[in-house]
Amino acid sequence: MANLHRIREMVLLGYANGLIDDEEFVLLYDANRPANLDFNYSTYEAFDLGLYNDDECKAYFRFKRDDILHLKEVLQIPESIQCRNGTRVNGLEALCVLLARFAYPCRYGDLVKMFGRSVPQLCLITKYMIDFVYDNYAYLLGTLNQPWLSPANLTQFAAAVTEKGGALHNCWGFVDGTVRPICRPNENQRVVYNGHKRVHALKYQNVSAANGMIANLFGPIEGRRHDSYMLRESGLLHELEQYSHDVDGNTLCIYGDPAYPIRAHLQSPFKGNAITPEQEAYNRSMSSVRVSVEWLFGDIVNNFKFTDFKKNQKIGLSAIGKMYLVSGLLTNAHTCLYGNITSRFFGLDPPTLMQYFHGM
């Protein structure tokens, strides 16, 4: 950006001294126009989280001020970060850039005043933080082998589901797929077209635990794929066979909609029109508790609305799958600190930040 400004100044100087004519001036000046709008970010103050109260932090970053400091410690974000272009930023500011970018479908230009940085700097900082969180913690969304999902805790989750009216006595969580709309790609658009929702989309599979946490989040896959394909590709059944059992080794399961097959560790409703009254009552009782998985999908897009802004979800231009998974991790962090409607519905406490991210 600085080089382009220098070139344009030289073109102006050459034109003023008569070294180039009108046609050459117009051609050279326009050819070296910066791609980003020229925000005069140097007139704004450097970012200081201490200037924001808790209500402002919740609005702009989705976390209270002290909780942002705690989250930075737990995520082990370095005190000083250097982006690939040499831009330096302290870790707390970098985390706030990420949270502000995800909190609402804003433009980088909208963040210039808040952080006193140029658009390219904000873009590189955001990318660095997305990669940092994903590279270090994405495994938490891919395996059930975690301390907070211990057999003792899964048994407690299953008891809470039963207490809320679920007919299954060994169900600790729920599985479902979600369709996230994206911009229509210029090429191979049929691959991501979802005929049921009639949108171009990517799909994700979520396993929600009764304590309000996302236990497993798989994706993205092409929007045209069926939920049964996601189940096979995710390897979820293998994970359940290994880790879904109580303290005595008895089988525990999760529950899904009719699109899922029935297995020892995965249950679904009775299907067909000729079901008995008892089977219908079973379906009704499980449906009343299965809605919690829909609440968790809502938590992701309500807390981090950038993932719900279709016009910015462009394959090939942004790592939109990685962004959604990072939003899932941040949603779990939010749940650890404040709980959510699912944890309150089942009367269970989520793990602490340290328990979730580091098993401590």
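Leaving out neighbours within four places in sequence, Asp 176 touches Tyr 204, Gln 205, Asn 206, Asp 227, Asp 257, Tyr 260, Arg 290, Val 293, Glu 294 and Phe 297. The model in which these contacts are found is a predicted one. Asp 176 is part of strand β3. With a relative accessibility of 5%, Asp 176 counts as buried, because the limit for a buried residue is under 20%.

**Helix α8**

Helix α8 runs from residue 151 to residue 163 and has 13 residues. From the first C-alpha to the last it reaches 18 Å, close to the 18 Å expected at 1.5 Å a residue.

Which residues of α8 are buried? They are Leu 154, Phe 157, Ala 158, Ala 160 and Val 161. These residues cover an arc of only 160 degrees around the axis, and therefore they lie on the same side of α8. After α8 comes Gly 165, which has a positive phi near 110 degrees.

**Backbone details**

Arg 62 sits in the loop between α3 (54–61) and α4 (65–74). Its relative accessibility is 13%, so Arg 62 counts as buried.

The other is Gln 76, where phi is near 55 degrees. Gln 76 belongs to the loop between α4 and β1 (80–82). Is Gln 76 buried or exposed? Gln 76 is exposed, because its relative accessible area is 52% and the exposed class begins over 50%.

A further backbone detail is the peptide bond between Gly 219 and Pro 220, which is cis, with omega at about 0 degrees. Pro 220 lies within strand β6, made up of residues 214–222.

**Salt bridges**

How many salt bridges does the structure hold? There are ten salt bridges, and the table lists some of them.

| Glu 93 | Arg 117 | 2.7 Å |

The side chains of Glu 93 and Arg 117 meet in a salt bridge. Glu 93 is in helix α5 (residues 91–103), while Arg 117 is in the loop between α6 (108–115) and α7 (119–137), so this pair ties together parts that are 24 residues apart in sequence. Glu 93 and Arg 117 are both buried.

Asp 110 is partly exposed, with a relative accessible area of 39%. Arg 107 is exposed, and its relative accessible area is 60%.

Lys 127 is partly exposed, with a relative accessible area of 42%. Salt bridges with shared partners join Lys 127, Asp 131 and Lys 322 into one network.

**Cysteines**

A disulfide is a covalent bond between the sulfur atoms of two cysteines. The count of disulfides in this structure is zero. Cys 57 is buried, with a relative accessible area of 0%.

For Cys 83 the closest cysteine sulfur is in Cys 123, at 9.6 Å, and this is also too far for a bond. Cys 83 is buried as well, with a relative accessible area of 5%.

Key: Residues are numbered from 1 along each chain as its sequence is written. This is a predicted model: local features need pLDDT of at least 70, side-chain atom pairs count only at pLDDT 80 or more; totals for chains, interfaces and linings use all residues. Side-chain values use heavy atoms; hydrogens and water are left out. Helices (H or I, at least four residues) and strands (E, at least two) are DSSP runs, numbered from the N terminus. The expected span of a helix is 1.5 Å times one less than its number of residues. Buried means under 20% relative accessible area, exposed over 50%, partly exposed in between (1.4 Å probe, protein chains only). The arc is that of the directions from the helix axis to the C-beta atoms. Contact means heavy atoms within 4.5 Å. A salt bridge is a side-chain nitrogen of Lys or Arg within 4 Å of a carboxyl oxygen of Asp or Glu. A disulfide is a pair of cysteine sulfur atoms within 2.5 Å.
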